[in-house]
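Please keep the viewer open as you read.

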Amino acid sequence: MLNPSPSFPVQLASVLQIPPATRIINVTHQIPYNIHRKRPLPLSPPQSPTSSKSSPISKHTTSRHHQHLVKFQSDDWLLVERRGHAALYSGLASLHDHYPDSIHIGWTGPIDQELHPQDELSLIELLEPQHIVPVFVDNEARMGHYAGYCKEVLWPLFHYVMRTTATDGRAERRHWEDYKAVNQLFADTIVQQYQPGNIIWIHDYHLLLVPEMVRKVIPDAVIGIFFHATFPSSEILRCLTTRKEILKGVLGANLVGFQTYAYARHFISSSTRILGCESTLTGINLNGHLVSVGAFPIGIDTDRVLSFHAQPNVQPKIDSIIKMHRNKIILVGRDKLDPTKGIIQKLRGFRKFLELYPEYRDRVVLLQVTTPTLLHKDHSLDTKITELVSQINSEYGSLAFQPLHHYYQDIDRDEYYALLSVAHAALITSARDGMNTTSLEYILCQQSTHHGPLILSEFTGMASTLSNGAILVNPWDEVGVANAILKALIMSPEEKDARHERLYRHVTEHTAAFWAHSFVTQLSNTSRPPQPTEIVVQEMTTAYAQANQRLFLLDYDRKPPPPDPSSTRMWKLRNSPFLSLQGTLAPITRVPEEAKPGKDMLSTLERLCKDPHNHVWVVSGRDQASLDSWLGHIPGLGLSAEHGCYFRYPESKRWYESAAMDDGKNSAIDWRDQVTQIFEYYTERTQGSFIEHKRASITWHYRLADAQYGEFQAKECQNHLENNIVPKLPVDVLINQKTIEVRPVNINKGVVAKRILAELNTVDLVICAGDDRTDEDMFGVLMTPDDLPQSPTSGALVRRRSISVTLPLTGHPTTFCIAVGHHDKQTMANRRVRTTDDLLALLKCFASLNKQ
């Protein structure tokens, strides 16, 4: 039997380049142990008078007494290892070698009797040496949270099980309040335990609101959340009444992990269509908060499984099963009693196999173990299974032989591994499943036996990772399942060995430890930019006075700010003659062509441009004609139009085309035609919307449309563009305030800032101001020192103008990136002003200090 290398943790650390040790706060719904009050506990299953010693699977009851693995105890309490979720707990345990001070927060699980305050204190003391922090939840909240909202609302919907009957919603609302209360209880516990520099890792659908709750208290915390369950498409998620709250709760994290890429794609699509978020190359942008989204397929603890498989009680069970089904081909299946597990589909596929291939009717036997679940209330499923089992055995069995043996019970660990070992093929036909680690355990158990093929539903999360060795099936295709069974039975030994070798290599390399370290490593590398501070006029005017060469990069776009229209600040902005860099240098207008700058702003710009030590550039999304009309008369002012597509240098009246414009000219007509068709489609269906064509970009405006319907159509349009245009054509989609803009790639304000700095190599002070998503490109470049140009190698600003740079930048200039907007707006800037009046006052202070 092949065992994973004992040096695996060392190899893993070197491959993943694990960051320096810190403290991880692991948060799961329940701790890894079941807690019992101290009393005599059977250490082995009681003997049943109706069971035979040779029986491989006892049939006397559906409730089994498993051998308890006692972990630790006190005078009052006994803690035994919890069955289930072994991959999760093993993965978290593997982190302790690199993060020894980590803690585990979780609910205690149900306890026999009501807990008193002294009971809670004694449990806290008992669990503290194990680095476990218990969360105590009262029975009413527990039932509403877990049995109510998690199992009756979230679990079915996430697995595409839709309700067939209508309700008045009262029970669901009560359960939702319990769900929020329990999530808040977990969040409060995390905040109490948090220390600066900690990493917070939250698990699964029980705690989806916790990231946002923690983020509100600890804005700069590093938070990750992992979905162990499936995640549905946006069309399914939209049926959830609390869909927005759930998505916002999850997006409080820095990294969201899923089992497969498909689940991650569904989450991104839901976030864009339901919340109107902007998707990025790595995930989601929610109001400036960047959330990474990734796929991290979970594995199993191979050492643990192989250890259990080697226990002395396993081989006698193997021998008993083989003796009972001598000279038979054994198929096995083991599932929970749940409609998502596809048991009905499995049995129908097996019946079709017996119908189509009668030569196997007396040669093949299916051993199906169905484990009852505590919360299963619908007895129609087990009734259907029982009826189907009876039909198959009646039609294809006899007094001497039954092709289908159904065990409606839980089984001991020894019996479970014996069952996986004797199989000639395993049959897993889940309708929806997060991962299904049974398939991984089956592969390990087959290493020393038949190398039996794995027949796996394509709707399990594991299908994408095991597709190179498993036989994938659609469980609703009965003929396809039947043919897959035949393929497994007639497969040559050479092909079996080759398939098994590929699967076994994957299982032993991608373990639970590998999964946990991969996620934590990526989470550690995510960074949340520090929040900007309010400007200090004295600080900035001092820096201005001491600088020899200064560069101003001022946004000039015309978009209304996002506050509530009824707010006092919004009223002031609407009645102010100047619109900051939140519509930077022009008043708020509902039509772009009316966005003309005010006189006070123009005079301030003229005074700044008169100082020979200043280099003032307006970087705008507006077209050349508009900028010429509104700002072209100011001597010494540089202009950049359409986010860097075109430039007009100070003291020049001529516009130059950016070098990046030539990169996509061959495909320019293609993308313009396709984007225009999409925008026209939504314009026809959205009254009040219109399309603005610029020379290098196309913008769809919906500011004049009905507010709610416009937002809905914008989300649909965004999703359409990102799924059908962006993957095929060299364009970016920009989501701004009441607009969607499509432009060529490599054309943005960040590129503008970088290339202007390449020319102005003696600048020692940079002041950049902006308000929206497009300005974050500038902030990102300026606030990341490694991205600043050190020499002219960054390329020419324009192709029609020669550039001579005599000296490289000798150091990084002092930089003030100023974001205009509210304090809760996420930005990469390091300074903030609340209103446009504040910004204009600062610019006036600079103008009054001009060096003559």
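In this predicted model, strand β21, which spans residues 614–620, is mostly covered, with six of its seven residues buried. What surrounds β21 in the sheet? Strand β20 (residues 550–556) pairs with β21 in the parallel sense over seven bridges, and Asp555 has Val619 of β21 as its bridge partner. Strand β22 (residues 637–641) also pairs with β21 in the parallel sense, here over four bridges. Within that pairing, Val616 has Leu637 of β22 as its bridge partner. To get from β21 to β22, the chain passes through helix α23 (residues 624–631), and this β-α-β crossover is right-handed. Val618 can be found opposite Leu639 in β22.

Now zoom out to the whole sheet. It is open, has nine strands and mixed pairing, and runs in the order β19-β31-β30-β29-β20-β21-β22-β23-β24. Which strands stand at the edges? They are β19 (533–534) and β24 (655–657); each has a single partner strand, so one side of each is left without a neighbour in the sheet.

Most residues other than glycine have a negative phi. Asn436 is not a glycine, yet its phi is positive, at about 70°. His643, also a residue other than glycine, has a positive phi near 60°. Asn436 sits in the loop between β16 (425–428) and α15 (438–445), while His643 belongs to the loop between β22 and β23 (646–648). Are these two residues buried or exposed? Asn436 counts as buried, because its relative accessibility of 11% is under the 20% cut-off. His643 is buried too, with a relative accessible area of 3%.

The table gathers the relative accessible areas of several residues.

| Residue | Relative accessible area | Class |
|---|---|---|
| Cys717 | 0% | buried |
| His643 | 3% | buried |
| Thr371 | 11% | buried |
| Asn436 | 11% | buried |
| Cys845 | 29% | partly exposed |

Thr371 is part of strand β14 (residues 364–371). Which residues does Thr371 touch, leaving aside those up to four places away in sequence? They are Arg334, Asp335, Lys336, Leu337, Gln409 and Asp410. Thr371 is classed as buried because its relative accessible area of 11% is under 20%.

On the cysteines, the structure holds zero disulfides. Cys717 is buried at a relative accessible area of 0%, whereas Cys845 is partly exposed at 29%.

For a helix, turn to α17 (residues 478–490). Its 13 residues reach 19 Å from the first C-alpha to the last, close to the 18 Å expected at 1.5 Å a residue. The buried residues of α17 are Val481, Ala482, Ala484, Ile485, Leu486, Ala488 and Leu489.

Finally, some totals for the chain. The secondary structure of the protein chain comes to 28 helices and 31 strands. Of its 852 residues, 58% are buried. Among contacts with a separation of 6 or more, 75% join residues 24 or more positions apart. The accessible surface of the protein chain comes to about 36,900 Å², and carbon and sulfur atoms hold 51% of that area.

Notes. Residues are numbered from 1 along each chain as its sequence is written. This is a predicted model: local features need pLDDT of at least 70, side-chain atom pairs count only at pLDDT 80 or more; totals for chains, interfaces and linings use all residues. Side-chain values use heavy atoms; hydrogens and water are left out. Helices (H or I, at least four residues) and strands (E, at least two) are DSSP runs, numbered from the N terminus. Buried means under 20% relative accessible area, exposed over 50%, partly exposed in between (1.4 Å probe, protein chains only). Contact means heavy atoms within 4.5 Å. Accessible areas come from the Shrake-Rupley method with a 1.4 Å probe; for residues, only the protein chains shown count as cover. Two strands pair if DSSP finds at least two bridges between them. A crossover is right-handed if, with the strands pointing away from the viewer, the path from the first strand over the helix to the second runs clockwise. A disulfide is a pair of cysteine sulfur atoms within 2.5 Å. The expected span of a helix is 1.5 Å times one less than its number of residues.
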